[in-house]
Amino acid sequence: MASERFLQPICVKWRLGGLRWQVFIFLLYISHVVSGQIRYSIPEEMKKGSLIGNVAQDLGLDLKRLRAGRARIVTGESIQYTELQTDKGILVVSERIDREELCGDVTPCSFSFEIILENPMELHRVTVEVLDVNDHAPAFPIQNIPFEISESANVGARFLLESAVDPDVGLNALQNYILTPNDHFILKQHANPDGSKYAEMVLQKPLDREEHPRLSLELIAVDGGNPQRSGTVNIEITVLDANDNAPVFNQSLYRATVMEDAPKGTYITTVNASDADSGSNGQISYYLSKLKGNTVDIFNIDMATGTISVSGQIDYEKDNKYEIRVEAKDQGGLTDSSKVVIEVLDVNDNAPVINVMSFSSPVSEDAPPGTTIAIINVKDADSERNGQITCSINTNLPFKIQSSLSSYYNVISDIGFDRETIPEYNITITGTDSGSPPLSSTRTLHLRISDVNDNAPLFHQRVYSAYVTENNSPGMSIFTVSARDSDWNQNARISYLLEDTQVSGTPVSTYISINSETGVLHAVRSFDYEQIKQFTVVVKAQDGGSPPLSSNVSVNIFVQDQNDNAPQVLYPVQTSSSLVAEMVPRSADVGYLVTKVVAVDVDSGQNAWLSYKLHKATDRALFEVGSQNGEIRTIRQVTDKDAVKQRLTVVVGDNGQPSRSATVNVNVAVADSFPEVLSEFTDFTHDKEYNDNLTFYLVLALAVVSFLFITCLVVIISVKIYRWRQSRVLYHSNLPVIPYYPPRYADTLGTGTLQHVYNYEVCRTTDSRKSDCKFVRPCSQNVLIMDPSSTGTMQRMQSENNILDEPESPLEQKPPNADWRFTQGQRPGPSGAGGPPEMAMGTGPWPNPPTEAEQLQALMAAANEVSEATATLGPGTMGLSTRYSPQFTLQHVPDYRQNVYIPGSTATLTSNPQQQQQMAAQQQALQAQPSEASAQPEPPKAAQTPASKKKSTKKEKK
């Protein structure tokens with residue numbers, strides 16, 4: 001054992017709360033561990049939190065040292081009655097301290113514990129002496145003490161009284177007995193060798209059973225505490241008849257020994273007493289008296305023989321000596337007492353107990369050799385050799401054990417640690433005593449080695465290769481890199497980062513991202529093989545140590561091609577503005593090269609392998625397409641029966657999965673001259689545009705129809721309003737109403753009225769090349785019923801149903817009046833045929849009907865005027881329906897020109913006032929000379945109009 005050097009003890013005394021405190025400080029330096037010893041004295045039954053002493057001041061320690069060293073109290077298996085407050089450096093009471101429960105009769109009473117500090121290791125022993133407080137009153141085990149005393153008892157006869165029990169010690173223990181005053185007995189007190197007191201009642205005056213057969217006394221036991229406490233017991237004395245001699249022990253003190261492992265029934269000793277009386281008065285019975293605690297359960301005495309034996313479990317570690325009193329009593333009630341001292345012999349029945357005072361786990365793997373791992377305390381409850389202990393440790397471990405204080409040992413490291421090699425140790429400590437046979441016990445410490453960041457992450461490969469198909473979705477997982485770190489916990493927690501590199505001048509972070517925890521590489525964008533085929537990223541694996549360690553690895557990412565591009569046709573060029581056609585002479589032989597379809601595919605590999613196929617053709621038996629080269633050749637001789645205009649549809653497909661294709665239309669002209677081709681291909685462009693944009697035109701047509709419908713509604717409403725206003729104007733004017741009768745009429749009842757009303761439709765377009773004028777069949781035929789008796793001039797019918805609003809309604813029509821008719825000589829125009837006399841009188845049919853040329857001329861004039869009037873509505877196709885009826889008035893033809901020709905009539909109307917005056921004069925002349933109108937000669941036949949000439953010319957051509 002290392003040399004020890006003790007300093008002179010320092011005694012400090014002070015008073016606190018009326019109590020005397022003593023502190024003894026011993027400083028002890030042993031090996032590398034600093035130790036000291038302090039002793040405090042405190043009264044029992046102090047409240048929790050009561051101050052015991054200032055440990056920091058008494059040991060000369062700083063409060064920071066207490067906190068930094070993790071100062072704590074180690075009591076082993078015993079109860080911890082104190083608590084160390086490291087923030088104040090004081091020792092306080094943590095549990096109720098009962099001196100009687102802690103020590104019993106042993107004085108002085110104290111308990112010890114150790115205070116341990118770490119970094120560096122310090123060990124200080126603290127002993128606390130518990131001072132007794134008068135907290136218990138003397139108490140008798142029984143409430144009544146019965147005595148049977150013979151009246152013949154001699155003066156001076158002694159009667160042993162039951163002793164009171166006071167757990168306190170010193171002045172607070174039992175000090176005196178007091179017997180209530182009486183005429184027969186006095187009290188004598190005696191002290192045992194252990195300091196306890198007992199009392200005897202001595203007869204000082206003979207008893208007289210006849211006078212006092214029973215006596216009642218009171219015994220009071222008092223202690224010396226302040227305040228004084230006491231206990232009482234009643235003594236009941238029954239006076240018996242004569243018994244002159246009391247039993248007498250042959251020894252006043254008996255001594256015996258017993259092994260602590262003695263079984264029940266083991267003989268210890270025998271006590272003996274004699275009585276001079278005879279008969280029943282001489283019969284003696286033995287009793288054990290004044291047994292304390294659990295002694296009554298350990299020993300037993302035979303009442304007849306006085307043999308003392310073991311009746312319970314003896315434990316040397318609890319009590320190593322017992323003192324008991326034996327009482328001998330005869331039948332007359334006379335007694336005597338003696339003391340028996342039993343010493344217990346120790347047996348090696350307790351194995352060493354190993355307590356870990358301090359254990360540092362985990363220990364850093366870079367801890368130097370000689371580091372203190374644990375401080376242990378080994379105790380053995382046995383005595384002498386049975387309590388002498390030796391400690392040992394596993395020989396195959398890099399640790400050793402050294403003794404420090406008495407029963408304290410230090411476990412220290414012998415070599416350095418490497419957590420990656422051995423992450424933990426199981427240290428088995430064995431404590432063996434020197435008994436016979438020796439007993440031993442073991443304690444295993446599980447020591448973990450904490451990690452130090454001394455290993456960098458390592459990748460499984462130096463270079464990784466990853467493949468990704470183009471047109472990937474952003475965020476897609478591409479590849480996973482993984483690294484391992486031999487360290488542990490935070491030092492082995494790997495984070496993955498991308499080194500700041502560039503790909504084609506762009507930061508790599510715009511292409512690839514990495515999950516810092518899993519190492520999964522994700523695509524930031526969608527890759528295009530045609531733009532980038534391969535690039536390299538550098539991944540950095542960094543652990544979480546301090547400082548962190550890292551390593552790098554390169555990942556080559558290859559973009560794989562995908563069939564995402566359809567073939568592109570370079571020739572023939574497809575345009576919507578012009579038409580390209582290949583000419584094939586009619587004399588072409590079999591295999592004649594018409595043209596070659598040239599196409600490319602920007603993909604690579606199989607995705608760029610192109611094949612050509614003839615999809616549609618005007619004549620499939622005439623042409624074929626080379627599947628590999630796209631050459632269009634004739635497969636038979638061209639004949640005169642083959643159409644000039646040939647159209648081929650060639651499909652160009654690639655070899656990808658799925659395959660993509662493009663379609664090209666090849667126009668072939670089978671002809672020997674260009675003019676022959678030109679006339680046949682005028683409509684190609686229109687047909688192609690029609691086929692390509694059919695859906696667009698359908699939607700556009702729907703929109704146009706909707707717009708025209710709304711426009712027509714607005715126009716119709718406007719026309720209705722306009723006609724109504726014009727009708728109001730004509731109603732108040734003096735213009736005559738000139739009816740027009742179509743050529744198809746029939747004489748009905750000799751009134752000259754028409755049978756049908758004809759409606760003609762004129763359609764025109766803005767395209768002059770495709771403009772035409774066509775007559776449509778009559779839209780409706782209504783029969784007009786005329787009044788044969790009517791001979792007046794036709795008047796405007798004023799009713800709720802306006803004639804302009806309902807032109808097709810059947811109306812009664814009066815025959816024309818002669819007042820407004822012109823004579824044939826006054827009629828300008830080509831009609832020169834004179835009518836019969838009844839026509840002049842206004843009762844016959846209408847004069848000669850106009851010719852077809854005249855009708856066409858009038859119709860074209862009206863249509864032309866309407867077309868010019870509606871030209872401001874914008875380009876488009878306009879349909880115009882002009883209805884001619886017997887009620888035809890001037891408002892049906894807009895007044896855009898000076899003169900208006902009335903179809904079917906030779907009259908010309910003008911809007912000049914002079915012409916109106918001339919017409920009025922002519923009407924008056926007609927009324928004055930009716931006969932002249934009938935006598936006029938027949939005018940010559942009208943000449944042909946320009947319209948009739950044009951029509952005849954067309955007939956000649958046909």
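This section describes the nonpolar core, the cysteines and a nonpolar surface patch of a predicted model.

The largest nonpolar core contains 27 residues. Phe459, Tyr496, Ile512, Phe527, Phe535, Val539 and Val555 have the most contacts inside this core. Two or more core residues come from each of strand E36 (463-469), strand E42 (512-514), strand E43 (520-523), strand E44 (534-542) and strand E45 (550-560). Leaving aside residues up to four places away in sequence, Ile512 touches Ile478, Leu498, Leu521, His522, Ala523, Val524, Phe527, Phe535, Val537 and Ile557. In soluble globular proteins, nonpolar side chains tend to be buried together.

A search of the whole structure gave one disulfide. This bond joins Cys103 to Cys109, with an S to S distance of 1.8 Å. The torsion about the S-S bond of Cys103 and Cys109 is about 70 degrees, and the disulfide is therefore right-handed. Both Cys103 and Cys109 are buried. Cys391 has a relative accessible area of 17% and is therefore buried, the cut-off being under 20%. Cys712, at 42% relative accessibility, counts as partly exposed, a class that lies between buried and exposed, the latter being over 50%.

Nonpolar side chains also occur on the surface, where Phe696, Tyr697, Leu700, Val704, Phe707 and Leu708 form a patch. Together these residues have about 580 Å² of accessible area. One of them, Leu700, lies in helix H6 (residues 694-731). Leu700 counts as partly exposed because its relative accessibility is 40%.

How values were computed: Residues are numbered from 1 along each chain as its sequence is written. This is a predicted model: local features need pLDDT of at least 70, side-chain atom pairs count only at pLDDT 80 or more; totals for chains, interfaces and linings use all residues. Side-chain values use heavy atoms; hydrogens and water are left out. Patches are made of residues with over 30% relative accessible area and no salt bridge: like charges are joined within 9 Å, nonpolar side chains (Val, Leu, Ile, Met, Phe, Trp, Tyr) within 5 Å. Accessible areas come from the Shrake-Rupley method with a 1.4 Å probe; for residues, only the protein chains shown count as cover. A salt bridge is a side-chain nitrogen of Lys or Arg within 4 Å of a carboxyl oxygen of Asp or Glu. Helices (H or I, at least four residues) and strands (E, at least two) are DSSP runs, numbered from the N terminus. Buried means under 20% relative accessible area, exposed over 50%, partly exposed in between (1.4 Å probe, protein chains only). A disulfide is a pair of cysteine sulfur atoms within 2.5 Å. A nonpolar core is a set of buried Ala, Val, Leu, Ile, Met, Phe, Trp, Tyr and Cys residues joined through side-chain atoms within 4.5 Å. Contact means heavy atoms within 4.5 Å.
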